[in-house]
Amino acid sequence: RLTTDITNIQNAYMMSIRVAVRCPIMLFFALFMAFQINSHLAPIFVIAIPILAVGLVIIISNAKRIFERVFRTYDKLNNVVQENLLGIRVVKSFVREEHEKEKFGKVSQEIYMDFSKAEKLIAFNMPLMQLCVYACILTVSWLSAHLVVGGSMDVGQLTSMFSYIMMILMSLMMLSMVLVMIILARASAERITELLNEESDLRNGENPVEEVKDGSVVFENVSFSYAKDPSKECLKNVNLNIKSGETVGILGGTGTSKTTLVQLIPRLYDATEGRILVGGVDVRDYDMDALREQVAMVLQKNVLFSGTIKENLRWGKKDATDEEMVRVCKLAQADPFIQEFPDKYDTYIEQGGSNV
C-alpha cells in the first residue's frame with residue numbers, strides 16, 4: 001500500500017492533469033467543428049461515442065475486480081519476501097531454501113495469471129475504439145460521397161471532416177490510456193483509504209481524567225481476548241490488588257499472558273470483561289496520553305530508533321539534561337558501554353541499533 005498503490009495513484013494523477021484535461025477539450029471542439037461543417041454527418045459521432053462508452057464501462061468494471069485481487073496477492077508476495085529476509089538464518093538452518101523459493105514462485109504465478117487476465121480485458125478497449133472510429137470514417141465516406149456528387153458539400157470540407165475524425169480518434173486513444181491508469185488507481189485508492197479511514201478501538205471518553213493520584217493498581221474480574229472471543233481468552237477472571245509503593249513479581253511460564261496483563265495497565269489494549277483501576281480510577285476514564293505518561297514501562301522487545309544515544313534516551317523525558325541522562329545510564333549499567341564510543345552520548349544509532 002505504501003509503495004505500489006501510492007505509485008499507481010501518482011501516475012494516474014499525473015496523466016489526468018495533463019491528458020484527461022486536454023483530450024476532452026480537443027474532443028469537444030472537434031465535434032463542434034464537425035457540426036459546423038455538416039450538421040447531417042456529425043450525428044454519426046454522437047451515436048458512436050455512447051457505444052464506445054458502454055463498452056469501456058463493461059471492460060473497466062470487470063478489470064477493476066481482478067486488479068483488486070491482484071493487489072491483495074501483492075500483499076501476500078511482500079509478506080513472503082519480508083518473512084524470508086527477517087528469518088533468513090532460520091531458513092538456512094533448516095535447509096528450507098527450496099521450499100521458500102517454491103512458495104514465492106507460487107504467489108508470483110498467481111499475480112502473473114491475474115495480471116494477464118486483467119490486461120487481456122483492458123486490451124479490448126483499443127479494438128473497440130478503433131472499430132467505432134473506423135466505422136465512423138467509412139460511414140462518413142459513404143454518405144459524403146453522395147453529398148459531394150450532389151454538390152451540397154465540397155472536397156475541402158470532406159478533407160476537414162476526416163481531420164476532425166482523426167482528432168477524435170487521438171482524443172479517445174489518449175483517454176482510454178488514462179482510463180486504464182484510473183482503473184488501477186481506483187483499486188489502489190480504495191485500499192489506501194481503508195487505512196486512512198481506520199479508527200482506533202481505543203479512544204478518550206467525553207471528560208477524561210488528566211491526573212493519576214497514586215500508583216495503586218487493581219484488577220477486578222478482568223478477562224481479555226485478543227480475538228474478542230470469550231472462548232479464546234488468555235486472561236480469565238483476574239483479581240489483583242497492588243497498593244501504591246508495593247513491589248510485585250508476576251511469575252509464569254512462556255505464553256501465560258504475563259506481558260498481556262501488564263499491557264492492560266497503560267491501556268495498550270482494553271479488557272474484554274471487568275475493569276482495571278489505576279490510582280482508584282478506571283483506566284478507560286483517563287486521558288490516554290496522561291495515563292501513559294504516568295506508567296513507565298520496559299517492553300519485552302527493545303527498540304532503538306535512528307538518531308543519537310541522547311535522542312533515544314529523551315524518549316523517556318523530552319527535556320532531560322545531560323547530567324540526568326548520565327545518572328540514569330549509570331544506574332542501568334549502560335554508561336561504561338556508552339563511554340567506549342568515540343562520540344560518547346552523541347554516537348549516532350543506525351536503524352534498529354544495527355551498529356551496536
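Q: Is C234 buried, exposed or partly exposed?
A: The model is predicted, so local features need pLDDT of at least 70 and side-chain atom pairs count only at pLDDT 80 or more, while totals for chains, interfaces and linings use all residues. Residues are numbered from 1 along each chain as its sequence is written, and side-chain values use heavy atoms, with hydrogens and water left out. Buried means under 20% relative accessible area, exposed over 50%, and partly exposed in between (1.4 Å probe, protein chains only). Because its relative accessibility is 29%, C234 is partly exposed.

Q: How many disulfides does the structure hold?
A: A disulfide is a pair of cysteine sulfur atoms within 2.5 Å. For the structure, the number of such pairs is zero.

Q: Is C329 buried or exposed?
A: The relative accessibility of C329 is 3%. At that value, C329 is therefore classed as buried.

Q: Which residue meets D5 in a salt bridge?
A: A salt bridge is a side-chain nitrogen of Lys or Arg within 4 Å of a carboxyl oxygen of Asp or Glu, and the structure holds 15 of them. In the bridge of D5, the N to O distance is 2.7 Å. D5 is buried because its relative accessibility is 1%. The partner of D5 is R191.

Q: Which residue meets R69 in a salt bridge?
A: R69 is partly exposed because its relative accessibility is 33%. The side chains meet at 3.1 Å, N to O, and the partner of R69 is D114.

Q: How far apart are the closest N and O atoms of K103 and E83?
A: K103 is partly exposed at 30% relative accessibility, and E83 is also partly exposed, at 43%. These two residues form a salt bridge, and their closest N and O atoms are separated by 3.9 Å.

Q: How many residues apart in sequence are the parts that K103 and E83 tie together?
A: K103 belongs to helix 4, whereas E83 belongs to helix 2. The pair therefore ties together parts whose separation in sequence is 20 residues.

Key:
Helix = DSSP H or I, 4+ residues; strand = E, 2+ residues; numbered from the N terminus.
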